[in-house]
Amino acid sequence: MNGWYPIFLREMLLFKRKLFKLGYLFSAMVVPVIYLITFGLGVGRSMPIEGTDYITFLIPGLVAMSSMTNSYTWVASALNLNRLYFKTFQVLVQAPINPFAIMIGEVLAGMTKGLFASILIITVGLLVAPQFHLSWLPALTLILNCFLFACLGVIVGMITKSHEDTSTYNNFLIMPMSFFSGTFFPVSRMPEFLQKLIAIFPLTHTNILIRKSAMDSQGLLALAVLIAYAIVFFFFGSRLIRKYSE
Amino acid sequence: MISVTDLTRKFGAKAALSGVSFSVGAKEIYAYLGPNGAGKTTTIRILTSLTRRDGGMVRLNSFDIEKNPLEAKSQFGLVPQQTNLDSDLSVEENLLIHGLLHHMDRKTIRRKIEELLDYMELSDRRQSLIKTLSGGLKRRLLISRALLHSPRILFMDEPTVGLDPAIRRSIWGFIKKIRNDGATIFLTTHYIEEAEFLADHVAFLDAGKIVAEDSPANLVSGIGQWAVDYLDDNRLQTAFFNSREKAGSYVLNRANGCTVRRVNLEDAFIAMTGRKIS
């Protein structure tokens with residue numbers, strides 16, 4: 001199963017090259033920082049929410065959103081391009097390594113990129129909201145969130161038939177999750193019928209868990225849902241790799 | 001050794017391969033010759049585990065590609081038709097990743113990189129990013145990558161397609177050298193002269209079927225030794241002769257515009273299928 005390492009190493013070498021380009025850091029931070037300024041420092045400046053000031057409520061949500069988009073997008077986009085255009089994914093399929101190893105390598109690389117982007121937002125959050133802090137439970141949630149969305153990235157990267165298709169998944173999956181899953185306001189403020197729909201989104205459960213400082217029954221349920229999603233996405237992604245045929 | 005029995009593959013209703021069987025012995029260069037769309041790339045994709053077969057059996061050095069996929073995959077190196085190197089990584093990084101994918105230790109990888117870059121005359125480009133290399137250098141690197149883990153079988157899918165004649169000749173030299181060093185080589189091509197220069201055995205593939213398989217000399221011998229190309233009613237025709245003298249006297253009896261040349265594999269292919277290769 002150690003075949004995951006060269007895949008992870010390859011992604012990290014490519015990531016290292018991108019990291020030294022200003023454009024990467026900018027693109028990883030720009031959207032959450034715009035949200036932070038618009039909603040946190042602008043619209044919600046004097047709006048307390050769930051017993052705290054709005055910016056302290058918002059930052060964990062932005063961290064969750066950022067970890068989701070970065071873990072997911074990097075994997076989905078890279079895998080799709082590598083499979084359809086650069087044909088470098090085929091090198092992995094033709095190498096004597098287990099399909100699970102390919103999955104693990106891709107997911108670990110996606111998680112690393114997601115966690116890196118999250119750390120950038122956490123750093124900004126600590127600067128603008130001194131009350132904000134990160135305990136073990138949100139940290140664990142963040143890792144789990146990166147894992148499951150990197151797995152989802154593999155699935156989308158494997159099933160899309162063109163690079164343009166990935167933006168369809170962004171528009172119908174990632175974008176609604178970003179806005180409706182409790183990133184900017186509590187889900188309880190939504191109409192009841194929508195709350196049931198929103199409860200399907202994994203990010204909703206990440207947002208519940210990431211704002212908890214101690215585990216309770218609601219947190220346990222959210223954790224169970226996230227773990228279930230992670231397992232299903234991981235095995236489905238692995239199956240797509242195992243069944244890959246041109 | 002490569003053993004293929006009754007290989008079939010359909011894409012929708014279209015049969016890409018219909019009952020293809022052949023075997024390639026150790027240290028042999030086997031050329032798979034056919035026009036575009038004949039099924040050459042589909043065959044190589046199945047043999048290298050990229051495309052699933054519908055029926056038949058493939059064994060690489062006695063390992064069945066479906067029953068023992070990891071063992072079968074470790075038997076071969078592949079030079080693909082399309083360059084699939086990581087363009088933002090260096091020559092050395094591309095080779096390092098490939099070596100690790102083939103479970104080689106770093107010390108052995110470094111030694112093999114040294115050897116192969118020297119062998120392929122790429123030593124001075126080891127730190128260069130792939131995107132800065134010319135087409136010919138990339139192709140040499142693809143061959144180096146395919147050889148890194150010392151495979152006993154080398155698959156080459158149109159190894160010189162799109163390259164200028166001088167680079168093509170130098171790559172032919174490398175292919176001969178690799179065979180002389182002990183590898184079995186399976187190559188697909190639609191270049192007649194490539195198959196004639198390199199191959200010990202040639203298979204003619206047409207519409208997903210092998211229509212003939214033999215040494216290049218035996219394949220052409222059935223139709224004669226010399227060919228005369230001439231225009232008849234504005235259509236290019238070819239007549240075949242067993243001796244140069246007979247070809248010469250045929251030319252004397254015709255109007256101007258005849259060309260006398262040696263018979264080649266394309267002539268044999270046309271004689272068997274009624275179609276051109278390229």
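Colleague: Which residues of H3(B) are called buried?

Modeller: Keep in mind that this is a predicted model. The buried residues of H3(B) are B:Val91, B:Glu93, B:Asn94, B:Leu95, B:Leu96, B:Ile97, B:His98, B:Gly99, B:Leu100 and B:Leu101. Each is called buried because its relative accessible area is under 20%.

Colleague: Why is the pair A:Glu246 and B:Arg45 called a salt bridge?

Modeller: Their side chains meet at 3.6 Å, N to O. The cut-off is 4 Å between a side-chain nitrogen of Lys or Arg and a carboxyl oxygen of Asp or Glu, so this pair qualifies. The count between chain B and chain A is 3 salt bridges.

Colleague: Which parts of chain B supply the side that touches chain A?

Modeller: Strand E1 (2-11), helix H2 (69-73), strand E6 (76-79) and H3 of chain B each supply at least two residues of that side. The largest share, 5 residues, comes from H3(B). By class, the side of chain B that touches chain A has 12 nonpolar, 10 polar and 9 charged residues.

Colleague: How many residues does each chain bring to the contact, and how much area is buried?

Modeller: Chain B brings 31 residues and chain A brings 28. Between them the two chains bury about 2,600 Å², with 57% of it on carbon and sulfur atoms. There are also 13 residue pairs in polar contact between chain B and chain A, both residues at pLDDT 80 or more.

Colleague: How do you know that A:Cys146 is in no disulfide?

Modeller: A search of the whole structure finds 0 disulfides over all chains. For A:Cys146, the nearest cysteine sulfur is that of A:Cys151, 11 Å away. A disulfide needs two cysteine sulfur atoms within 2.5 Å, so 11 Å is too far for a bond.

Colleague: And are these two cysteines buried or exposed?

Modeller: A:Cys146 counts as buried because its relative accessibility is 0%, where the cut-off is under 20%. A:Cys151 is at 0% relative accessibility, so it counts as buried too.

Methods: Residues are numbered from 1 along each chain as its sequence is written. Chains are lettered from A and ligands numbered from 1 in the order in which they are written. This is a predicted model: local features need pLDDT of at least 70, side-chain atom pairs count only at pLDDT 80 or more; totals for chains, interfaces and linings use all residues. Side-chain values use heavy atoms; hydrogens and water are left out. Buried means under 20% relative accessible area, exposed over 50%, partly exposed in between (1.4 Å probe, protein chains only). Helices (H or I, at least four residues) and strands (E, at least two) are DSSP runs, numbered from the N terminus. Contact means heavy atoms within 4.5 Å. Buried area is the accessible area (1.4 Å probe) that two parts lose on being put together, summed over both. A polar contact is a pair of N or O atoms within 3.5 Å; within protein, one must be able to donate a hydrogen and the other to accept it, and residues adjacent in sequence count only if both atoms are side-chain atoms. Ala, Val, Leu, Ile, Met, Phe, Trp, Tyr, Cys and Pro count as nonpolar, Asp, Glu, Lys and Arg as charged, and the others, Gly among them, as polar.
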